[in-house]
Amino acid sequence: MDYVATHNLTKRFSQNRAVDDANITLEKGKVYGLLGPNGSGKSTFMKMVAGLFHPSKGKIEVMGDPLSYRSKEYVSFMTTEQYFYDYMTVGMVGRFHRDFYADFDPNTYEELIGEMQLSMDMKVKSLSSGMTAKLKIAATMARDAKVFMLDEPLNGIDLVARDAILSAIIRKADPDNCILISSHLIDAMENILDDVIFIKEGQIVICGNAENIREERGKSIVDLYKEVFA
Amino acid sequence: MGKLMKYELFRRSKLLISILIVLVFMEGAAVYGLYRGGEWLILFFIMLMGMAFAAFLVPLLDAVVNYYSDFKNTHGYMLFLTPQSGYSLIGSKAVFALIELLSALALVAVFYTANFHLAGAFGYTDELALLRTVFQQIPQMLGTSTAGIVSLGVTSGILQFFNTIMLAIFAVTLTKTLLSQKSFNWLIALLMYFALAMGIETVNGLVLTGFGFVTDMISFSQDASAVTLELGDEIKLDIIKYILVSMGLYVIWIGAAFTGSGMLLNKRVDL
């Protein structure tokens, strides 16, 4: 069973097609890279799968069922924006997730918060953008979800913290889940990706196993990215 | 839904405490006006009216502004990413608003009752006697049905205001569905609300007319004895009938606004 399957998925904003006839399947046990420059449709695609945007056309299936609010039980999504309520503390963010997601593990959250050098009594509104990015990763990866979707997880992150975040992502990858990561920082991500999906002006232009693509095209994913999006 | 309401409470805790402090301050000012008497009674009456306005308006504004903010700002993602149906999300906001409304009304009722007793302590004997005469006319008119009719009237009033809150929530949801990417959504939502409210009032008027409301009111107003004497059983039954019809209409509109908003959240709204 595909964990996520999209069929002719399209999203229009007025006349602009942000996502255009996208057919993608995500299988368990894989880390996918959704790659493309800013404005290529990565975030819109992810927000549709997460249920924040509704498709203009096409279908989405999560765990074999049509997308509904119940799909959110299986999908752990980290948006690129800061999305925590300002009144919360780091600890309350954890309690909020524990209250609403049956697969949320408070111990993992506590460990990740420690690793990210945050503390439970910090107020969300007092966090810097880098600290917020770490908090988003901790809250997202503390779930034992079937599908993880991370939208630009390395945005605004310094080199040291970048390693901590990549390490948290790698540790979470297991044969029973799949991870979709969108990024335009391909060089930092390339080594952890099993499959890559190139999205250009809303259309899927390349999709497949990263190693096979390297062999077939005779170049790295970074070089191919430069070629496709130059 | 209980968990959703818990976080609605956390989110507003500072605001609610601030409103409580303001209401207590207003009550203090009212008591001071009552104590000083003379021209200071203007302060007393202004504070009484202010508290009544606050009890009705604060729950409405709080519910709508917070709901709109969930759409307008990215913190709404935190709420809308939870595995909760649109109906639960709307239900939690609606029930919270209703509790807020009932609490505010109860608090203001306590203040009003306290003021009534304080007026006696401050020597407003004649004024209280006049007020008692006015209040005594109600049981005189309604007879043994007084408690029932007054309870129905109060419930109907609360339903009417809850209907206003639900209609505003629906107007925001509908605006977000139809014009999710537009600026000035709040203005469009406001216009949408007025359009919906006018439409609903027109339908309500037509339904009441269908039940004979206009002709009954004319004959009621022509009955001069109605002002001072106990109303006949027929008129009392008419009053009960119209209150019940109004309550039925409000329940239908509240249900429609709830169902419509929940359905749009589930199927159509883009964050």
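## Interface between chains A and B

In this predicted model, 21 residues of chain A are in contact with 20 residues of chain B, two residues being in contact if their C-beta atoms, placed from the backbone, lie within 7 Å. Helix α2 (residues 90-100) of chain A gives the largest share of the side of chain A that touches chain B, three residues; helices (H or I, at least four residues) and strands (E, at least two) are DSSP runs, numbered from the N terminus. By class, this side of chain A holds twelve nonpolar, three polar and six charged residues, where Ala, Val, Leu, Ile, Met, Phe, Trp, Tyr, Cys and Pro count as nonpolar, Asp, Glu, Lys and Arg as charged, and the others, Gly among them, as polar.

Residues are numbered from 1 along each chain as its sequence is written, and chains are lettered from A and ligands numbered from 1 in the order in which they are written. Local features need pLDDT of at least 70 and side-chain atom pairs count only at pLDDT 80 or more, whereas totals for chains, interfaces and linings use all residues.

## Fold of chain B

Chain B has nine helices and zero strands, and its C-alpha atoms fill a box of roughly 60 × 50 × 30 Å along the principal axes. Of the contacts in chain B with a separation of 6 or more, 79% are between residues 24 or more positions apart.

## Contacts of Met149(A)

Not counting residues up to four places away in sequence, Met149(A) touches Met46(A), Val49(A), Ala50(A), Val75(A), Phe77(A) and Leu180(A).
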